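Reader: I'm new to reading protein models. Could you take me through this one, question by question?

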Amino acid sequence: MSMHLRSFRLRVALLSTTLAGSALIGFGTVSWLQIYDAKISRLDAELVNELMQISHLPDREQWQIYANSSPNALGTNTKTPTALLVLDANGTILYQFNSLPKDLDVNRLLIQHLQSVPLPPAFTREPPPPADPNPSLEQLPTVHPPIPKFVTEHTAITTWRIGAINFPNVRVAIAVSLQAVNQEMTAIRNIFFILIPGELLLVAGGAWVVSGSALRPIRQLTGVIQQVTVKGLDQRIPSRTTDIEFVELIQVFNQMLERLERSFTQASRFSADAAHELKTPLTILQGELERTLQQAELGSEAQQRLSNLLDEVRRLSSIIRKLLLLSLADAGQMSLCPVDLDLSKLLVEMLEDVDLLAPQLTVQSNIAEELRVQGDRDLLTQVLQNLFSNAIKYNLPDGWIKIHAQQTRTTVFVTITNASQDIPRGDRDRIFDRFHRGDPARTRKVEGIGLGLSLAREIARAHRGNLTLDATPSGQIAFTLTLPIRQQLMQDKFSETL
Amino acid sequence: MNILFVEDEAKIANFVRAGLKEHGFVVDYCDNGNEGYSRALDNQYDVVVLDIMVPGKDGLSVLKHLRRQGRNVPVILLTARNELDDRLEGLNLGADDYIAKPFFVEELVARIHAVVRRSGGERQNFLSVGPLTLDRITRVVTCHQQAIELTSREFNLLEYLMRSPGRVLTRTQILEHVWGYDFNPNTNVVDVCIQRIRKKIDPIDSACWIESIRGVGYRFRQPDP
């Protein structure tokens with residue numbers, strides 16, 4: 001099976017790959033985002049925790065200790081940069097810490113975000129242990145839990161997750177670098193980048209193999225159908241060995257073969273019947289005309305007319321005969337009556353005809369002695385006469401004809417070359433077509449019904465030879481007839497000789 | 001010469017019988033294979049002309065049974081060509097020749113002479129009409145004992161004419177006999193060939209033995225008795 005782009009197999013593989021690819025990419029993207037979100041949420045939760053703790057720490061020293069240990073507390077590794085900013089209610093910096101001193105932007109960002117967090121209504125800071133065992137119920141509504149604010153910010157150096165919160169008496173902001181998270185996400189992304197193409201390759205390969213095995217019955221079918229030629233129309237494709245899906249196809253094809261066979265049989269039987277039916281009246285007509293012609297007055301007008309009629313009858317039977325030969329050749333049933341033939345002798349006789357028909361032509365011959373073939377005398381004579389008469393018909397005034405006949409170990413070659421006007425390129429391809437007669441203006445005077453070369457080639461092929469139009473220099477035409485040297489043509493059934 | 005002719009088509013039988021009789025043959029005719037077979041067994045014929053498609057035993061069966069009975073009488077089959085491989089089978093079964101319909105009676109006569117000659121021996125090799133004598137084996141032609149050189153086509157043409165002196169042969173008939181069934185009928189090859197033969201005979205005997213029949217063809221002049 002050819003692998004060009006219109007291949008069904010390739011299309012199946014490409015389509016499966018595209019579908020699987022978009023599904024995998026979609027799935028990968030969504031899960032990647034989900035993982036990222038989950039990580040950020042977890043970080044945020046921890047940040048809230050931290051903010052609460054810091055806001056409850058009493059003084060600078062405590063903040064310092066805290067800041068040093070915060071990365072651990074945040075569950076990230078110790079190298080994760082963090083920053084901490086604590087302001088009092090008036091915006092005065094109580095404490096500032098940055099584990100990544102290069103990144104100055106983060107301090108600005110922390111202040112900026114603290115300022116954007118809405119201030120809670122002012123109230124005096126309760127002493128740390130809210131240890132009032134019986135807090136008054138009236139006081140409770142006045143305590144609004146402060147709302148932390150989270151944002152992700154990019155600086156020139158890294159990405160920060162910033163959490164900020166305002167208590168009535170202290171304002172705290174923590175920044176944690178997302179470096180670690182981003183690294184993890186990159187790792188996950190890289191895994192996807194490797195896995196997805198790998199999966200796709202697997203899918204494509206799988207689709208290729210599956211579609212291939214799905215097409216295997218079709219290929220088997222093709223193989224069988226190729227065996228079915230005109231002469232093998234009686235063949236049927238066995239449907240037992242195939243998958244259920246193809247049985248119907250095979251049945252339909254077999255039915256088609258059956259119809260074809262029937263019509264071919266009918267056609268060739270019709271030919272045979274027609275031959276008999278047409279030939280009987282023609283024989284009577286010809287015989288009676290022949291007899292009447294003998295009885296007519298010598299040289300009388302009646303006798304001349306009878307002679308003309310006889311010629312017409314002969315022409316009629318010649319046309320019928322050629323048409324029947326062609327139709328039998330089409331059906332693979334050209335019947336040969338092979339005998340040993342001395343082609344050299346036949347050719348020499350025909351050379352004599354050239355001298356009789358066209359004495360003005362120069363004839364050059366190179367005919368090997370004893371060129372023996374096995375073939376139908378009448379039919380091969382017809383082929384050669386056809387070639388000779390063409391060589392005379394389409395010659396130039398005072399032109400020439402060259403006959404070259406040789407044999408190799410297996411084949412006899414007869415090449416007949418003659419001077420001629422060049423055949424137009426388009427006509428070269430159609431020269432063996434039925435009823436083709438070249439340029440109509442040029443050949444109007446030339447008699448014949450145009451079946452000659454087509455039939456001649458059929459006859460050559462029925463003898464397992466061929467008739468070809470050779471490539472020649474300008475100003476000449478050459479045909480070559482090839483025939484196998486005496487083979488076991490006799491032993492073959494006639495129907496197998498095509 | 002005695003001929004058995006088996007053919008079911010009455011109209012064909014009519015003109016063939018008439019034509020053969022005009023050539024001096026004695027024709028025994030029947031229209032079916034069974035009768036044809038028994039007559040061929042019972043009588044001595046010089047040639048049997050058998051149509052393949054006849055009622056009763058068909059032509060090929062008649063031929064097969066005759067050969068099985070050891071009868072070697074020459075048999076010519078009449079076929080509508082393309083009756084599949086009838087001809088091939090016929091030749092394998094021992095037919096001596098076949099002739100395809102439609103055919104000229106003159107041609108059938110030529111074929112009858114040819115098969116009789118092949119089976120009969122040398123006395124048939126020479127054909128003499130008037131001053132001309134023709135040896136079919138050596139293919140030598142003499143006129144008043146003077147040898148004439150003829151080409152292959154010229155010899156065949158002269159032989160065909162000399163076989164039926166006094167009968168008109170059309171150009172088409174000559175063409176078909178000498179050049180074959182499919183030769184282009186619109187050529188003057190017959191006339192050119194006749195002229196060449198005349199040129200070779202005339203210096204020896206200027207009596208114009210080959211006569212032109214205007215618009216029809218040629219005939220070999222019947223010598224005066």
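Reader: How many bridges pair E10(B) with strand E12 of chain B, and in which sense do they run?
Author: Keep in mind that we're looking at a predicted model here. Strand E12 covers residues 217-220 of chain B. E10(B) and E12(B) pair in the antiparallel sense, and the number of bridges is two.

Reader: In what order do the three strands of that open sheet come?
Author: The sheet belongs to chain B, and its pairing is antiparallel. E10 (169-170) and E11 (210-213) of chain B each have a single partner strand, so one side of each is left without a neighbour in the sheet. That puts these two strands at the edges, and the order reads E10-E12-E11.

Reader: Which helix packs on the sheet, and what angle does its direction make with that of E12(B)?
Author: Look for the helix spanning residues 152-163 of chain B. That's H6 of chain B, and it touches E10, E11 and E12 of that chain. Its direction and that of E12(B) make an angle of about 65°.

Reader: Which residue in the turn between E7(B) and E8(B) has a positive phi?
Author: First find the strands: E7 is residues 132-135 and E8 is residues 140-143 of chain B, running antiparallel and joined by four bridges. B:Asp135 has B:Val140 as its bridge partner. The hairpin has four residues between its strands, and the one with a positive phi, about 60°, is B:Arg139.

Reader: And which residue takes a positive phi in the hairpin of E8(B) and E9(B)?
Author: E9 is residues 146-148 of chain B, and three bridges join it to E8(B), again antiparallel. One pair to spot is B:Val141 with B:Ile148. This hairpin has two residues between the strands, and the positive phi, near 50°, belongs to B:His144.

Reader: Which element gives the most to the side of chain A that touches chain B?
Author: Here 44 residues of chain A are in contact with 45 residues of chain B. On chain A, the elements giving two or more residues are H5 (244-295), H6 (301-330), H7 (343-357) and H8 (377-393). With 15 residues, the one that gives the most is H5(A).

Reader: How many residues on that side of chain A are nonpolar, polar and charged?
Author: We're still on the side of chain A that touches chain B. Its residues divide into 13 nonpolar, 18 polar and 13 charged.

Technical notes. Residues are numbered from 1 along each chain as its sequence is written. Chains are lettered from A and ligands numbered from 1 in the order in which they are written. This is a predicted model: local features need pLDDT of at least 70, side-chain atom pairs count only at pLDDT 80 or more; totals for chains, interfaces and linings use all residues. Two residues are in contact if their C-beta atoms, placed from the backbone, lie within 7 Å. Ala, Val, Leu, Ile, Met, Phe, Trp, Tyr, Cys and Pro count as nonpolar, Asp, Glu, Lys and Arg as charged, and the others, Gly among them, as polar. Two strands pair if DSSP finds at least two bridges between them. Axes are lines fitted to C-alpha atoms, for helices over the stretch in contact, and angles run from 0 to 180 degrees between N-to-C directions.
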